[in-house]
Amino acid sequence: MRALFIAAAGAAAGAVAGAAGVSLASDPPMYRAGYAEDRAQIEDLLGRYALAVDFNDAEGYGALFTEDGVLVHGNGREDGRDAIVEFASGFVPDPEDGVRPSRYQHNITNLVLEVAPDGLSAEGVAEWVQADNANPERRTEIGYFGHSEDKYVKIDGRWYFASREIFNEGLARRAASGQDNPVRHMWEDAPTPTWLEANPDYTGN
Amino acid sequence: MRMLTLAAVSVALAASLAAPAVARKPTAQEKADIETLAGHYIFAIDWRDPEAYAATFAPDGVLNYGGGQAVGREEIATVIRSLRERELANAEDGEETRGGGYNQHFVSNMVIDVAEDGNSATELAYWFAISGEDPAISSFGHYKDELVKIDGEWFYASRRTYNEQAEGRGTFHFFNPVTNPERYGAHVED
C-alpha cells in the first residue's frame, strides 16, 4: 500500500486536479456492505477501552484484547492478555492530594477504519486526548494527546484488539510528529516510526 | 452535485446553507461512511498532508475558513501545503522537532441530514484542537458542511469552519444552528 501512495503522491499535482482524485485510503476502499455494523461495534470497543482505562478496570481492559493480543504503550510493550491485565492493574489514581480523588478521562475520535473483504479483520487509526484534574485544585487540564494504530480481529462474532500501538505526543519516545500521515500506511506491518526513532540523538523525555 | 442540491432545495439563494428540503436521517452505512470521511479529514490536517486533505473534497469543493475561501482540490491542497511550509520556515533550530506547530483536532457531535435521493447531505459537527508540549485546548468551533456522494463515496462539497476564538468566525450564542438554519452564519463573511 505504501508504494501505491508514493506513486500517487509523485503525481500530486495531476492527481489533485484530476476528476478521479486521490484515493482516501486503500485502493479500492474497503467499505463493503456491512461496514456500518462493523464500525459501530468497533466504536463500541473503543468506548469500552476508554471507560476501562478511566475507571481502572484491568480485567475489563484486558478482555478487549485477543488472548495473544499486543499492546505498545508509553512505557513498553505487553504480549498477551495476561500481561496486558497485569499492566492495566498498574493504573492507579494520583495521590489523594486534593479535595477529592482525581480523575482522568480519555476521548477517542476521528476513527479511520477499514475492514478486510472477509469481514474478519480490520485496521484503524484514531486520535485520543486525555483530560484530567490531577492537581490539588482539581482544575481541569489536558494531560496528553496522541493517536493509535490498531489491528482488530473478529472472533465468534465479536471484535477484539489484535494489537494496539499507542502514540503520545507528550513523550518523545512515543510521539509521531514529523512523520507521514498514518492513514497512508494502514495495513503495513510496521507502525509509524516514533519521533525518537527518527531523532536518536535526542535525550529529553 | 451542486445542481442536484439546487434542484432538490429549489430555493436558490438559501441552497448553500439550508438542509435539503426533503431530508431524512442518515442510514447506519451513510453515517459510518461520513464519520470515516471526517477521520480522513482530521488526520490529513493534523499531519499536514495536502493531497489527502484535498481528496476529502469533491473536485469542485469549496473550503471556507479563517484564511479565506479555496475552490477546487488544487486550491484546497495549497492551503495545507502553505501551512506546512510556513510552519517549517518558522521552526527555529532545535524547535523543528516536537513543537513546530503540531496540534491535533477532535470531531464529535455530528448532526447529519441526507437528501431523500441519498446523493447529498448536510452536516454540523463540533471540533476542538489541542496543541503544545504542555497541551491545552487552543481553539474550538464547529463545521457546517455540504456533502456529495460521487461513485459511491462521500466528499465535502463545501466545508465552512467556525472558530470561536477567531474574529468573524464565531456564532451567536442563543441560536442552535441545528434548529435555526436561517440565522446561520451571521458572523461569517461570505
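## Surface and make-up of chain A

Chain A exposes about 9,500 Å², and carbon and sulfur atoms supply 54% of that area. Accessible areas here come from the Shrake-Rupley method with a 1.4 Å probe, and for residues only the protein chains shown count as cover. Please keep in mind that this is a predicted model, in which local features need pLDDT of at least 70 and side-chain atom pairs count only at pLDDT 80 or more, while totals for chains, interfaces and linings use all residues. Residues are numbered from 1 along each chain as its sequence is written, chains are lettered from A and ligands numbered from 1 in the order in which they are written, and side-chain values use heavy atoms, with hydrogens and water left out.

Chain A has six helices and six strands, where helices (H or I, at least four residues) and strands (E, at least two) are DSSP runs, numbered from the N terminus. Along the sequence they follow the pattern α-α-α-α-β-β-α-β-β-β-β-α. Of the 205 residues in chain A, 49% are buried; buried means under 20% relative accessible area, exposed over 50%, and partly exposed in between (1.4 Å probe, protein chains only). Among contacts in chain A with a separation of 6 or more, 54% are between residues 24 or more positions apart, a contact being heavy atoms within 4.5 Å.

## Chain B

Turning to chain B, you will find four helices and seven strands, arranged along the sequence as α-β-α-α-β-β-α-β-β-β-β. Buried residues make up 48% of its 190 residues. The accessible surface of chain B is about 8,900 Å², with 54% belonging to carbon and sulfur atoms.

## Salt bridges within and between chains

Over all chains, the structure holds 18 salt bridges, each a side-chain nitrogen of Lys or Arg within 4 Å of a carboxyl oxygen of Asp or Glu. Between A:Arg39 and A:Glu43, the closest N and O atoms are 3.0 Å apart. These two residues are separated by about one helical turn because they sit four residues apart in helix H3 (residues 35-54) of chain A. A:Glu43 is partly exposed, at 32% relative accessible area, whereas A:Arg39 is buried at 2%.

A:Arg39 also forms a salt bridge with B:Glu35, again with the closest N and O atoms 3.0 Å apart. A:Arg39 lies in helix H3 of chain A and B:Glu35 in helix H2 of chain B, so this pair joins two chains. B:Glu35 counts as buried, at 16% relative accessibility.

Elsewhere, A:Glu67 and A:Arg81 meet in a salt bridge (2.9 Å, N to O). This pair links distant parts of the chain, 14 residues apart: A:Glu67 is in strand E1 (residues 65-73) of chain A and A:Arg81 in helix H5 of chain A. A:Glu67 is exposed, at 57% relative accessibility.

## Two arginines with positive phi

Most residues other than glycine have a negative phi. A:Arg138, though not a glycine, has a positive phi of about 55°. A:Arg138 sits in the loop between strand E4 (121-132) and strand E5 (141-155) of chain A, and is buried at 6% relative accessible area.

In chain B, B:Arg48 has a positive phi near 50°. B:Arg48 is in the loop between helix H2 (28-46) and helix H3 (50-54) of chain B, and is buried too, with a relative accessible area of 8%.
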